[in-house]
Amino acid sequence: MLPSSDQNEILKRRTFAIISHPDAGKTTLTEKLLLYGGAIHVAGAVKSNKIRKTATSDWMEIEKQRGISVATSVMGFDYAGHHINILDTPGHQDFAEDTFRTLTAVDSAIVVIDSAKGVETQTRRLMEVCRMRKTPVMVFMNKMDREGKDPFDLMDEAEKELGIHCTPVTWANGQGLKFESVFALNNRPAELSEKLQEDLEMIDGVYPEFDKEAYLRGDLAPVFFGSAYKTIGVQELLDFLVANAPSPLPVTAEERTVEPMEDKFTAFCFKIHANMDPNHRSCIAFFKICSGKFLRNTYYYHVRKDQQMRFAAPTCFMAQKKETVDEAFAGDVVGLPDTGNFKIGDTLTAGEKLHFKGLPSFSPEMFKYIDNADPMRQKQLEKGINQLMDEGVAQLFVSQLNGRKIIGTVGQLQFEVIQYRLEHEYQAKCRWQPLQMYKACWIESDDDAELDTFKKRKAQYMATDKEGRDVFMADSAYVLSMAQQDYKHITFHFTSEF
Ligand code: G4P
């Protein structure tokens with residue numbers, strides 16, 4: 001076990017992500033939280049990592065904006081005797097994969113909902129990941145200063161759409177132009193308007209009291225109302241988070257469960273950020289520390305490479321500044337400068353052979369064949385594709401029928417990013433050929449004979465992923481549902497971790 005001073009450091013940590021549909025107010029809320037932490041001093045200091053709508057067709061511009069996001073990838077600050085790490089998630093849906101992976105590195109999440117719009121698509125998808133991982137979530141109903149949906153309807157919608165029980169912790173005094181303040185339901189104002197009296201009777205009749213255990217299990221979301229813009233209801237959220245959100249949780253590896261208080265250091269890589277400046281072609285590999293304490297210039301074991309490595313310039317993130325750190329604790333994220341040694345999912349330990357689980361690949365939504373457009377640069381193309389896949393930019397499949405490479409992404413943008421980076425970083429040229437495809441499903445069965453028959457019959461639709469696993473590339477929803485009907489002993493997975 002770690003010495004108690006180090007254990008205290010770990011207990012002080014609250015590492016979470018804020019998730020929302022673009023425009024719900026994530027950037028504004030993040031900024032207000034940083035203001036409370038004294039990490040910034042004026043509003044407007046957080047450069048939005050949001051990709052402006054006007055720029056969506058211009059991906060270079062997007063990458064420039066994403067460059068900013070290295071600095072805001074993790075925002076650390078101290079508040080009320082605790083150390084807060086907010087992990088940023090890109091808002092643009094073409095980078096949803098990044099967000100999914102970031103969610104594997106947090107111990108809890110805040111879901112921001114625009115009270116005028118209710119639950120939107122992106123929020124629903126991100127919440128699915130939280131539910132799958134049983135991540136404890138708090139809900140912040142934002143923009144109460146605008147005319148919006150009725151608070152009870154909002155909670156009903158959240159329960160239904162997000163699949164989680166809700167219970168309010170604060171309540172809004174008015175809404176829209178009449179919105180003035182919020183109060184904690186366990187500390188009610190002495191004088192209440194008739195409307196508020198009715199509201200409170202309803203709340204007492206319908207909603208259970210906040211149950212911390214249920215929240216920690218991911219079954220119950222405490223709900224807060226407020227306006228990030230007007231800084232109303234934000235401190236209530238932050239104080240509640242500090243008091244109730246979990247400190248670093250145990251993490252499951254294939255071999256065993258790793259407890260944060262173990263004295264030996266372990267960490268996994270959940271994100272790799274390439275430097276877009278062609279003169280500095282290095283990356284930063286982001287590692288979430290699962291246990292123990294990380295020390296600068298100390299040898300650690302890179303499990304996949306079976307190699308000892310040490311890091312002279314690891315960085316931590318305080319507010320918007322990236323600083324070299326000498327030590328970091330379970331719950332923290334360290335950025336390690338990298339020149340191609342790491343890929344997503346890699347594990348670093350003090351010597352133990354551990355493999356952390358839970359970094360799912362989701363079925364991509366767009367597919368294209370990738371062909372070499374410069375015969376003299378075949379090797380460079382291969383290398384470039386492999387490294388970009390290791391960074392998690394997209395997924396590579398190889399058709400079992402013709403051996404051609406297929407790239408799968410969640411958005412059109414990634415194809416452009418890949419092509420540009422292959423040209424500029426690897427001096428390789430590629431050509432795309434559209435491929436009409438619906439989903440890639442990882443298939444599995446206890447019935448070897450049925451699996452074999454399926455693979456033979458569907459040979460032209462079979463591919464392998466980068467780990468060599470069998471993938472069925474269904475070209476339409478109909479084909480997939482027929483396959484599911486005809487082959488009852490085969491399970492079709494839409495994520496690669498099962
Ligand atoms: P995001 O990161 O989730 O995409 O959202 P962001 O914070 O950038 O907020 C989106 C827009 O909503 C911004 O307006 C922001 O000012 C506004 N907003 C955020 N919180 C509130 C709130 O509590 N009440 C009201 N009324 N508006 C809020 P914008 O016009 O797009 O940008 P800006 O010109 O204000 O920067």
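Let's start at the ligand: one of its oxygen atoms sits 3.4 Å from a polar backbone atom of Ala24. Keep in mind that this is a predicted model.

| Residue | Atom in the residue | Atom in the ligand | Distance |
|---|---|---|---|
| Ala24 | polar backbone atom | oxygen | 3.4 Å |

How much of the ligand's accessible area does the protein cover? On its own the ligand has 710 Å² of accessible area, and the protein covers 70% of that.

Now look at the residues around the ligand. There are 17 of them, and the closest are Asp23, Lys26, Thr27, Thr28 and Asp145. Sorted by class, this shell holds seven polar, six charged and four nonpolar residues. Which helix gives the most to the shell? That is α2, residues 26-36, which supplies three residues.

Helix α2 also has a neighbour to explore. Its axis and that of helix α9 (residues 234-244) come within 10 Å and cross at roughly 70 degrees. Angles from 65 to 115 degrees count as roughly perpendicular, so α2 is roughly perpendicular to α9. On the α2 side, the contact involves Leu29, Lys32, Leu33 and Tyr36; they meet Val234, Gln235, Leu237 and Leu238 of α9. By class, the residues of this contact are six nonpolar, one polar and one charged.

How values were computed
Residues numbered from 1 in each chain as written. Predicted model: local features only at pLDDT ≥ 70, side-chain atom pairs only at ≥ 80, totals over all residues. Heavy atoms only, no water. Near = heavy atom within 4 Å. Polar contact = N/O pair within 3.5 Å; in protein donor to acceptor, adjacent residues only side chain to side chain. Areas by Shrake-Rupley, 256 points an atom, 1.4 Å probe, with all protein chains shown as cover. Helix = DSSP H or I, 4+ residues; strand = E, 2+ residues; numbered from the N terminus. Nonpolar A, V, L, I, M, F, W, Y, C, P; charged D, E, K, R; others polar. Axes fitted to C-alpha atoms, helices over the stretch in contact; angles between N-to-C directions. Parallel < 35°, antiparallel > 145°, perpendicular 65-115°, else oblique. Contact = heavy atoms within 4.5 Å.
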